[in-house]
Structure formats: structure tokens, C-alpha cells
Amino acid sequence: MSDSPPVAPLEILGPDHGGGRLADVLPSALAVLGVPGSPDPLGIVPALAGVRRIAVLLVDGLGWYQLPTAAPYAPTLAGLAATVARPLIAGFPSTTPTSLVSLGTGVAPGAHGVLGFTVRVPGTDRVLTHTDWAADPSPLRWQPVPTQLERARAAGVTTTVVSRPEFGGSGLTLAANRGGDFRGAAGGDAVATAMLAALAAGAGPTLVSGYHADLDRHGHLSGVDSAPWRVAATEVDALVARLVDGLPSDAALLVTADHGQLDIPAAHRFDLDTDPRLRAGVRLVAGEARVRYLHVEPGAVEDVRATWSEVLGAAARVRTRAEMVATGWFGPVPEEHLGRIGDVVVTCNDTYAVMASRTERPMASKLVAYHGSDTAAELTVPLLVVRG
């Protein structure tokens, strides 16, 4: 356990920041279960020797920097954070679809291609919202990397996915977790029940992947450490406590998250839909409030970059796609995935954000907390490892 955050919450992390990655979790879990060819980048195999069943719970929005904030309302989490927790880097951008697929595939975003909350479908003027994704484009073509659940199942591991009922068969679920039997469960108690049942049902090596969304939702709607967020933290604690108490003797629980969150004050919000300077030369906008992908008119890259740099000043860094890919945060990006990244990429600093009040869903500009950029508070997530 690291007893203090590795860096200040608003410090910008680079792609070479040390430590494990969220994408390392399932490969290490498969190594524990004896799946051939599985590396153990997190080094958990010795500590989990003899474990034959693993439950992996991803709590949406429970960043490393939220653990101390949640502690007064989450005694189980606080106890585990003090003894069996370590920080991981979620990956960039620090957003749910990207992180879920990085976890599920065990590879960096550039390889799996789910490169943001919303991205342009190359060759079109369509913006794909990954959380509303059904069958177009085909999840198996859009995200071509085999999942870790597919690898596990091929090796004889019983695999199950527990998530909200409406996510069954969605494009994002297929991209991240194809290969697992889906069980719908809404609410912490239902998630715990379904995960424990699946964990106990397997006759041999077993892997159960669970997802719980409520903490993130209340952070977005009301802010981190708001009254609704505290209630949600208490419910997460009850979920984790049930899983810990119900673990079979040959099982382990891994708890992690997809990103952290930052409250964004009104004075730190730009609006690209009400400032004509920010629309000049821009054909299409994707990404989200903390990371904007700007697809520009032919020949307009440098003009757009210069204008956004001047308007946003110290609030953001404005770089080209080539510069962002060269930094290595996405990992290697194949040619077919490059067009999903904007010609110009805007990453917000501190607690700033760029809204799109007219062209995105109305609620998107009215939320309290956001994520997506490369600050430590957004990128750093916990890993808690508990044996039965």
C-alpha cells in the first residue's frame, strides 16, 4: 500500500509515469488462474498462489484520489486502502469507454481503438457515442482485439460479466467483455449477489467481471463529496463488504476503477458553441469536456491550433494528432484508428473544461464533475487485492 498519493492531484502525468496500468489487471488475473501465455505485469501471482476463482469489480469514478474522500462513509474501503491498495494508471483519455475496453482487452487505447467518450467515425461526419453504441459500427470490427475473457474461456475458465441489464449486448459490452456470460444486475446489492453466485457456480477456474456505476453518476450530477455522492460511496462500501465476506476460500477479489473526477467551477468553463473563434475552421467536434478532438477543414490545422491556444491560454494544451500519438499515451495506433483522433487535440489543465452547450446532450454542460484529461486525479485509480 502506498500511504499517500504519488503526486499532487492536478499534476499532469506523462505516458512514462511509473507503476502498473489498468490494462494489466486481467492479464495478471489470468496468470493467477493458469491461462497459458498470460503475463503477470502486476506481480500478483505469488500473493494469490492457490486461487482458482477471481472476481474483478470496477467501480466507475472511484479514483485513487477519491479514496480518502470516501473513507468517512466507506469503512471497508478505508480499511482495504490502508492495507492492500496500490495506484494504477487508467490510460488516456481517462474516460469510461476507453478504460473499460483497456481493462477488458489488456491493451492500450491505440490498439483497441475506443479512443474517447465520443469519436468521429472516419470518412463520415458522424460522431459515435460509445455509451450509446448498438451494432453500427460492428463492435468486432471497430474493436478488433480479442478480449481477456475470450482468452480465458478458450483456456477452460468459466467467465461471467455482471453489469446493468440495459448494457447486455451493447456495442461497448461486446467491445470490452465479449467472451463472458452476461448477467444483468442494477444496484450494489444485486451486483454483489450476481457476482458471488457466478463465483460459486464455476466447477473449475472462474473469472467474474463486475461493474457498478452509481458513484460516477452522482459525482457528475452533484459533485465529488456531495450528499448524494456520499450515499453512493456508502453503497459501494456495502457492495465491497459483501463481496469480501462472501469470497470462497480459493477466491480473490480485485477492486479497481476507470478514472477519477474533478469538480469544474463555472468560471473555468469555456463554451465552443457560443464563441465563434473556437468554431472557425472546425468541421466536427468529438471527445468530451476535458479532452476535445477537433476535426478541422482542409488546411486549417495550424490556424485552429493557434486560435484555441490563444483563447484558452494556460487552461489547456493544444496539440496536433501527430504530436499526441508521438507522446505515446495512446500506445501504438494503427492506421485504421488514427482518424478517430482529432486533427487537433485539446487537453485541459487544472479544473478547466470546454463545453459544447448546443451540439452535445443538454445535460453534458450542466454536470458538476468531469474527467478525461491527464491529471493525476483523473488518471490514477486504485487496485485493491483481497484473498478469500
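1. Strand β6 (residues 158-163) runs parallel to β8, and five bridges hold the pairing; strands count as paired if DSSP finds at least two bridges between them. Within this pair, T160 sits opposite V208 in β8. Helices (H or I, at least four residues) and strands (E, at least two) are DSSP runs, numbered from the N terminus.

2. A word on the basis: this is a predicted model, where local features need pLDDT of at least 70, side-chain atom pairs count only at pLDDT 80 or more, and totals for chains, interfaces and linings use all residues. Residues are numbered from 1 along each chain as its sequence is written, and side-chain values use heavy atoms, with hydrogens and water left out.

3. Strand β8 also pairs with β2, in parallel and through seven bridges, with V56 opposite S209 in β8. Seven of the seven residues of β8 are buried, so the strand is largely enclosed by the rest of the structure. Here buried means under 20% relative accessible area (1.4 Å probe, protein chains only). One side of β8 carries T206, V208, G210 and H212, the other L207, S209 and Y211, and both faces are covered.

4. Zooming out, the open sheet has eight strands in the order β1-β3-β18-β9-β2-β8-β6-β7, with mixed pairing. The edges belong to β1 (20-21) and β7 (181-184); each has a single partner strand, so one side of each is left without a neighbour in the sheet.

5. Strand β3 (residues 85-89) pairs with β18 (residues 380-387) in the antiparallel sense over five bridges, and R86 stands opposite L383 in β18. Helix α3 (residues 75-83) packs on the sheet, touching β3 and β18, and its direction makes about 90 degrees with that of β18. Contact means heavy atoms within 4.5 Å, while axes are lines fitted to C-alpha atoms, for helices over the stretch in contact, with angles from 0 to 180 degrees between N-to-C directions.

6. Helix α11 lies across β2 (53-59), β8 (206-212), β9 (251-256) and β18, at about 175 degrees to β2. The axes of α9 (residues 188-201) and α11 (residues 227-246) come within 9 Å and cross at roughly 20 degrees. That makes α9 roughly parallel to α11 (angles under 35 degrees count as such). On the α9 side, the contact includes V191, M195 and L196; on the α11 side, it includes L239 and L243.

7. Do have a look at α1 (residues 25-32) too: eight of its eight residues are buried, so α1 is largely enclosed by the rest of the structure. Following α1 comes G34, with a positive phi near 80 degrees.

Technical notes: Angles under 35 degrees count as roughly parallel, over 145 as roughly antiparallel, 65 to 115 as roughly perpendicular and the rest as oblique. Buried means under 20% relative accessible area, exposed over 50%, partly exposed in between (1.4 Å probe, protein chains only).
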